[in-house]
Amino acid sequence: MAAYVSVPRDLTRVKSKVLFNLTKRQVICFGSAALIGVPSFFLLRKLGNISLATLGMMVIMIPLFLLGMYERDGQPLEVIAYQFIQAKFIRPKIRPYRTDCYYAAIMRQCKVYEEVDAIVCNENESRIKACGEKSSRKSEHKNKAKSKCGRRRRN
């Protein structure tokens, strides 16, 4: 008779065991649960009966046990809880679908260039008037060749 040992095919899910066949995370969570739960049991036993103390200790220790044991899709409980809180309470409920059309983005950029050129041309015109130059130079400046999307070329 041969003894067969099952070996998992996905070795990424295998975790190293530290103490009593528990992972480091489980040892820390169980130890902290014991450090909080056992003293709370003795404090609650003085106040009431043993059943009440036992229930109180369980209520205090179960969240820490869950933090150590529960895991879904390779993610621990606190990551799952964080994602749940983000999805349900923090992020907006309605997320409209918005696209950014490349053509519309180019047109917005052209509009910005035209606005900038209008500001620059107005400043140049005021300088020309201040210097007392003739209007022929002003019309020359306006009639310079235009590039794509109506933007004036810079000097």
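Q: How far apart are the end C-alpha atoms of helix 1, and what should its 24 residues span?
A: The ends are 35 Å apart, and at 1.5 Å a residue the helix should span 34 Å, which agrees. The expected span is 1.5 Å times one less than the number of residues. Helices here are DSSP runs (H or I, at least four residues), strands are E runs of at least two, and both are numbered from the N terminus.

Q: Before we go on, what kind of model is this?
A: It's a predicted model, where local features need pLDDT of at least 70, side-chain atom pairs count only at pLDDT 80 or more, and totals for chains, interfaces and linings use all residues. Residues are numbered from 1 along each chain as its sequence is written, and side-chain values use heavy atoms, with hydrogens and water left out.

Q: OK, back to helix 1: which residues are buried there?
A: Q26, C29, A33, G37, S40 and F41. Buried means under 20% relative accessible area, exposed is over 50%, and partly exposed is in between (1.4 Å probe, protein chains only).

Q: And what do they pack against?
A: Helix 2. Take S40, which sits in helix 1 (residues 24-47): S40 has 11% relative accessibility, so it counts as buried. Leaving out residues up to four places away in sequence, S40 touches M57 and I60, where a contact means heavy atoms within 4.5 Å.

Q: What about T23, where is that one?
A: In the segment before helix 1. T23 is buried too, because its relative accessibility is 11%. Its contacts are K15, S16, K17 and V18, again not counting residues up to four places away.

Q: Switching to charges: how many salt bridges turn up?
A: One in the whole structure. E78 pairs with R25, and their closest N and O atoms are 2.6 Å apart. E78 lies in helix 3 (residues 77-90) and R25 in helix 1, so the pair ties together parts 53 residues apart in sequence. The cut-off for a salt bridge is a side-chain nitrogen of Lys or Arg within 4 Å of a carboxyl oxygen of Asp or Glu.

Q: Are those two buried or partly exposed?
A: Partly exposed: E78 has a relative accessible area of 36%, and R25 has 33%.

Q: How many disulfides?
A: Zero, from a search of the whole structure; a disulfide would be a pair of cysteine sulfur atoms within 2.5 Å. As for individual cysteines, C29 is buried at 12% relative accessibility, while C101 is partly exposed at 44%.

Q: Which residues make up the nonpolar patch on the surface?
A: L55, M58, I62, F65, L66 and Y70, with about 530 Å² of accessible area together. Patches take residues with over 30% relative accessible area and no salt bridge; nonpolar side chains (Val, Leu, Ile, Met, Phe, Trp, Tyr) are joined within 5 Å, like charges within 9 Å.

Q: Zooming out, what order do the elements run in?
A: From the N terminus, α-α-β-β-α-α-α, so that's five helices and two strands.

Methods
Areas by Shrake-Rupley, 256 points an atom, 1.4 Å probe, with all protein chains shown as cover.
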